[in-house]
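Colleague: I have a few questions about this chain. Could we go through the structure together?

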Amino acid sequence: MSLDTIIQIIGNGIDQTNILLVLAILDTILGISWRLKTGHALISNRFMSGVTRNFVPALLPALLHYMRILIKSNAPVYQYAACLIFVTSTYFLIQSILSNLAQLGTPLPNWIIKWIENELNEKGLK
């Protein structure tokens, strides 16, 4: 499967940003739920850095899409960069979502626990 085919499947920068924003909101809701469940403060430096780390990359594909339109470029580099940002951000957001689900007590298969082990270690759960 070529990169152009992948880009056709996942859409343009606006579509990618919409997907990333939904994942970032879901991750934030799960993080807040865990904080409420455990009695942690809702706002902390770690929480705010996580929100920033989720939402800033989520907006980048749309920014690249609009830059491409503004400069009237047909160069595929903007699409390729947006696709790379989308794939990378999606990977880390899914890990964070699964980690938050594990924190909330959702039973996950062992292979997923192994996959998110670094995220759990970063959050101080392992």
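Colleague: Leaving aside neighbours within four places in sequence, which residues is isoleucine 10 in contact with?
Modeller: Isoleucine 10 is in contact with Asp15, Gln16, Cys83 and Phe86, where contact means heavy atoms within 4.5 Å. Please note that this is a predicted model, in which local features need pLDDT of at least 70, side-chain atom pairs count only at pLDDT 80 or more, and totals for chains, interfaces and linings use all residues. Residues are numbered from 1 along each chain as its sequence is written, and side-chain values use heavy atoms, with hydrogens and water left out.

Colleague: Which residues make up the largest nonpolar core?
Modeller: That core has 11 residues in all: Ile7, Ile10, Leu20, Leu23, Ala24, Leu30, Ala58, Cys83, Phe86, Leu93 and Ile97. A nonpolar core is a set of buried Ala, Val, Leu, Ile, Met, Phe, Trp, Tyr and Cys residues joined through side-chain atoms within 4.5 Å. Buried means under 20% relative accessible area, exposed over 50%, and partly exposed in between, with a 1.4 Å probe and protein chains only.

Colleague: And which elements give two or more residues to this core?
Modeller: Those are helix 1 (3-10), helix 2 (13-38) and helix 4 (77-103). Helices here are DSSP runs of H or I with at least four residues, strands are runs of E with at least two, and both are numbered from the N terminus. A second, separate core has five residues, including Leu98, Leu108, Ile112 and Leu120.

Colleague: How many helices and strands are there in the chain?
Modeller: The chain has six helices and zero strands. Its C-alpha trace spans about 50 × 30 × 20 Å along the principal axes, and 36% of the 126 residues count as buried.

Colleague: Back to helix 4: what should its 27 residues span?
Modeller: At 1.5 Å a residue, helix 4 should span 39 Å, and its end C-alpha atoms are 39 Å apart, so the two agree. The expected span is 1.5 Å times one less than the number of residues. After helix 4 comes glycine 105, with a positive phi near 95°.

Colleague: Changing topic, is histidine 65 buried or exposed?
Modeller: Histidine 65 counts as buried because its relative accessibility is 18%. This histidine 65 lies in helix 3 (residues 45-70).

Colleague: What does histidine 65 touch, not counting residues up to four places away in sequence?
Modeller: Histidine 65 touches Asn12, Gly13 and Ile14.
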